[in-house]
Amino acid sequence: MTGFATAAVSVGAATLNLELRTVNSRFLDLHFRLPDELRVIEPLLREQITGALSRGKVDCRAGLQASGESSRELALNPQLLAQLVALEAGVRAALPQAASLSVAEVLRWPGMLGDDTIPAEALTEAGARAVRQALADLTASRSREGVRLAGMLMERVIRMRELVAQVTPRVPEVVREYQAKLVQKLQEAIGSADDERIRTEVGLFAVRIDVAEELNRLSAHLDEVERILAKGGSAGKRLDFLMQELNREANTLASKSVAQDVGGVAMELKLLIEQMREQVQNIE
């Protein structure tokens with residue numbers, strides 16, 4: 001199911017920004033885009049997301065941004081600078097031809113202008129809060145989409161029930177009409193053959209074209225679709241299985257049909273089922 005959510009949590013002199021994007025997928029597929037300083041929270045994010053979601057391709061992005069109030073006066077670290085000078089003197093004593101450190105290199109030396117590193121514990125706590133907020137928003141938006149998709153599925157279920165109700169009374173009539181045509185053709189083909197042989201052949205073909213059982217199973221599957229939609233919750237995999245069963249019955253109905261109107265109903269059923277299958281792919 002598609003969705004988008006963001007969260008921002010203050011941590012030290014920075015803000016942790018987290019973004020979750022989901023698109024449709026039959027399975028859960030996680031992708032993380034994190035800077036090196038946030039790799040420490042990836043296991044936590046993975047655990048929280050897999051605990052909340054069961055399907056979908058999920059992109060998780062996070063970053064640290066310096067807070068507006070975090071500006072401070074820069075100053076050299078005198079102890080670190082003294083150590084660096086001593087180390088350089090030792091290196092130059094051993095390697096007189098070695099190049100001297102530049103001012104830019106000194107200023108870029110880790111910790112020379114103060115240590116802005118955020119402890120791992122603080123990052124983990126901020127990551128936990130951010131992912132909880134983002135997942136809550138994401139779940140809410142996916143739930144709203146789920147309600148909309150359930151309504152679309154129910155519209156097609158209602159139409160399929162109308163088609164089943166339309167064709168069900170026609171089944172005995174279609175069988176009788178086909179039997180009458182078949183009797184006539186057999187009598188013309190085999191001439192004076194006994195009626196028992198004709199009745200046997202007609203009975204066999206009548207069984208092959210009787211679609212009452214397929215219509216009953218279609219109705220039963222539609223009942224189950226309605227029950228699952230009414231229950232709510234994670235239903236994508238169950239609905240996907242039912243779409244396969246509905247499609248199987250519709251295919252059989254189409255293959256056994258000997259009347260144009262029944263064949264037309266079977267084709268419309270197949271179209272509706274295909275539309276439902278596409279929508280089911282979006283349901284968790």
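**Helix packing in the predicted model**

Helix H7 passes helix H8 in a left-handed crossing. In this predicted model, H7 spans residues 212–231 and H8 spans residues 236–256. Two packed helices are described by the angle between their axes and the distance between the axes. For H7 and H8 the angle is about 160°, and the axes lie 10 Å apart. Angles over 145 degrees count as roughly antiparallel, and H7 and H8 are therefore roughly antiparallel to each other. On the H7 side, the contact involves Glu214, Leu215, Arg217, Leu218, His221, Leu222, Glu224, Val225, Arg227, Ile228, Leu229 and Lys231. These residues meet a set in H8 that includes Arg238, Leu239, Leu242, Met243, Glu245 and Leu246, as well as Glu249, Ala250, Thr252, Leu253 and Lys256.

The crossing of H1 and H4 is right-handed. Leu44, Leu45, Gln48, Ile49 and Ala52 of H1 make the contact with Thr124, Gly127, Ala128, Val131, Arg132 and Leu135 of H4.

Helix H1 covers residues 42–52, of which Glu42, Leu44, Leu45 and Ile49 are buried. Seen down the axis of H1, the buried residues fall within an arc of 160°, so they line one face of the helix. An α-helix has 3.6 residues a turn, so residues three or four places apart point the same way. Pro43, Glu47 and Gly51, on the other side of H1, are exposed. The cover over the buried residues of H1 includes helix H4 (120–167) together with strands E2 (14–23), E3 (28–33) and E4 (56–66). Two of the buried residues, Leu44 and Leu45, also belong to the H1 contact with H4.

At the level of the whole chain, the protein has nine helices and four strands. Along the sequence, these elements follow the pattern β-β-β-α-β-α-α-α-α-α-α-α-α. Of the 284 residues in the protein, 36% are buried. Among contacts with a separation of 6 or more, 76% are accounted for by residues 24 or more positions apart. The protein exposes about 16400 Å², of which carbon and sulfur atoms supply 54%.

Terms used. Residues are numbered from 1 along each chain as its sequence is written. This is a predicted model: local features need pLDDT of at least 70, side-chain atom pairs count only at pLDDT 80 or more; totals for chains, interfaces and linings use all residues. Side-chain values use heavy atoms; hydrogens and water are left out. Buried means under 20% relative accessible area, exposed over 50%, partly exposed in between (1.4 Å probe, protein chains only). The arc is that of the directions from the helix axis to the C-beta atoms. Contact means heavy atoms within 4.5 Å. Accessible areas come from the Shrake-Rupley method with a 1.4 Å probe; for residues, only the protein chains shown count as cover. Axes are lines fitted to C-alpha atoms, for helices over the stretch in contact, and angles run from 0 to 180 degrees between N-to-C directions. Angles under 35 degrees count as roughly parallel, over 145 as roughly antiparallel, 65 to 115 as roughly perpendicular and the rest as oblique. A crossing is left-handed if the near helix is turned anticlockwise from the far one by less than a right angle, and right-handed if clockwise.
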